[in-house]
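Please read it with the structure open.

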Amino acid sequence: MERRKTEDRRQVHVFVADDRRDGPYERRNDDARRWEREQERAKIARIRAFKEKNKASPSTSPMIPKKQLVYIGLALLVIAVVIILLQ
């Protein structure tokens, strides 16, 4: 199935039957494992980006709390009513 250029097993291989293979790792279903690893890395990157986006937007309370807005609204309403009644 394959011929080696040298006796050393760590050298580059030359394949005689080169129907679907690029190198020595393609014949062991390494392309599917590599694709799965890339998919897993992409999924992890999406999760990390989502978490970073949540960290970037602070979840602190707003500058003016709701209670204070209600008091300001009531005060403006009272001022408007007094102005209307005085005219």
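**Notes on the predicted model**

1. Confidence first. This is a predicted model, and the mean pLDDT of the protein chain is 77, with 61% of its residues at 70 or more. By element, the lowest mean pLDDT, 55, belongs to strand β2 (residues 13-15), and the highest, 94, to α2. Where pLDDT is low, the predicted coordinates should not be read in detail.

2. Secondary structure. The protein chain holds two helices and two strands. Their order along the sequence is β-β-α-α. Helix α1 covers residues 30-56, and helix α2 covers residues 66-86.

3. Burial and surface. How much of the protein chain is buried? Of its 87 residues, 6% are buried.

4. Salt bridge. Searching the whole structure gives one salt bridge. The partners are Glu38 and Arg41, and their closest N and O atoms lie 2.8 Å apart. Both residues sit in helix α1, three residues apart, so about one helical turn separates them.

5. Nonpolar patch. Which residues make the nonpolar surface patch of about 730 Å²? They are Met63, Ile64, Leu69, Ile72, Leu76, Ile79 and Ile83. One of them, Leu69, lies in helix α2. Leu69 has a relative accessibility of 46% and is therefore classed as partly exposed. Patch members need over 30% relative accessible area, so Leu69, at 46%, passes that cut-off.

6. Reading the two features together. The salt bridge pairs Glu38 with Arg41, residues of helix α1, whereas the nonpolar patch includes Leu69, a residue of helix α2. Helix α2 is also the element with the highest mean pLDDT, 94. For strand β2, the mean pLDDT is 55.

Conventions
Residues are numbered from 1 along each chain as its sequence is written. This is a predicted model: local features need pLDDT of at least 70, side-chain atom pairs count only at pLDDT 80 or more; totals for chains, interfaces and linings use all residues. Side-chain values use heavy atoms; hydrogens and water are left out. A salt bridge is a side-chain nitrogen of Lys or Arg within 4 Å of a carboxyl oxygen of Asp or Glu. Helices (H or I, at least four residues) and strands (E, at least two) are DSSP runs, numbered from the N terminus. Patches are made of residues with over 30% relative accessible area and no salt bridge: like charges are joined within 9 Å, nonpolar side chains (Val, Leu, Ile, Met, Phe, Trp, Tyr) within 5 Å. Accessible areas come from the Shrake-Rupley method with a 1.4 Å probe; for residues, only the protein chains shown count as cover. Buried means under 20% relative accessible area, exposed over 50%, partly exposed in between (1.4 Å probe, protein chains only). pLDDT is the predictor's confidence in each residue, from 0 to 100.
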